[in-house]
Amino acid sequence: MLTAGVDLVEIPRIERALARFGEKFLARVYTPDEVRYSRGRPAELAARFAAKEAVAKALGVGVRILSPAGIGWLDVETLNEASGKPYLILHGRARTLAEAQGLNEWAISLSHDGGMAIAFVVATGH
């Protein structure tokens with residue numbers, strides 16, 4: 001089994017959400033470790049937002065706010081190794097769906113430039 005997902009986010013969109021909702025937005029969308037790593041940098045937060053959407057697409061369900069079958073924002077956590085390489089941790093419904101689909105290995109690439117952030121994920125399994 002092989003599946004992939006990609007998502008593109010405008011960094012100013014995240015800046016506006018931060019300005020309008022602040023800590024409430026961060027707590028609703030990001031895990032405490034994601035918030036700590038990003039240190040309020042909109043580009044980092046936008047890349048992690050894109051990662052959540054990309055994982056939802058790879059799982060074939062979308063995000064819960066758009067689809068009752070979807071996953072929640074906090075179901076996907078994107079962290080970084082000491083080297084800077086990003087990795088995913090799935091929680092809750094995302095983890096359950098991945099296990100049901102036999103997806104047990106995930107790779108992720110993040111980038112941001114020119115006011116945009118992108119995440120690309122690939123999942124494999126048996």
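The side chains of E77 and H91 are joined by a polar contact of 2.8 Å, a polar contact being a pair of N or O atoms within 3.5 Å in which, within protein, one atom must be able to donate a hydrogen and the other to accept it, with residues adjacent in sequence counted only if both atoms are side-chain atoms. The model is predicted, so that local features need pLDDT of at least 70 and side-chain atom pairs count only at pLDDT 80 or more, whereas totals for chains, interfaces and linings use all residues. Residues are numbered from 1 along each chain as its sequence is written, and side-chain values use heavy atoms, with hydrogens and water left out.

A further polar contact, of 2.7 Å, links the side chain of E77 to that of T31. E77 lies in strand β2, residues 76-80; strands (E, at least two residues) and helices (H or I, at least four) are DSSP runs numbered from the N terminus. Although buried, E77 has no salt bridge, and R36, the nearest side chain of opposite charge, is 7.1 Å away. Here, buried denotes under 20% relative accessible area, exposed over 50%, and partly exposed the range in between (1.4 Å probe, protein chains only). A salt bridge requires a side-chain nitrogen of Lys or Arg within 4 Å of a carboxyl oxygen of Asp or Glu; Lys and Arg count as positive and Asp and Glu as negative, while His and the chain ends are not counted. Apart from neighbours within four places in sequence, the contacts of E77 (heavy atoms within 4.5 Å) are T31, D33, E34, Y87, L88, I89 and H91.

On the surface, a nonpolar patch is formed by V6, L8, I118 and F120, with about 330 Å² of accessible area together. Patch members have over 30% relative accessible area and no salt bridge, nonpolar side chains (Val, Leu, Ile, Met, Phe, Trp, Tyr) being joined within 5 Å and like charges within 9 Å. Strands β1 (2-10) and β5 (116-125) each supply at least two residues of this patch. I118, located in β5, counts as partly exposed because its relative accessibility is 34%.

L2 is also placed in strand β1 and, at 61% relative accessibility, counts as exposed. Beyond its neighbours within four places in sequence, L2 is in contact with V122, A123 and T124. The C-alpha atoms of L2 and R93 are 19 Å apart, with a separation of 91 residues along the chain.

G22 occupies the loop between α1 (11-21) and α2 (23-29); its relative accessibility of 21% makes G22 partly exposed.

Note on methods:
Areas by Shrake-Rupley, 256 points an atom, 1.4 Å probe, with all protein chains shown as cover.
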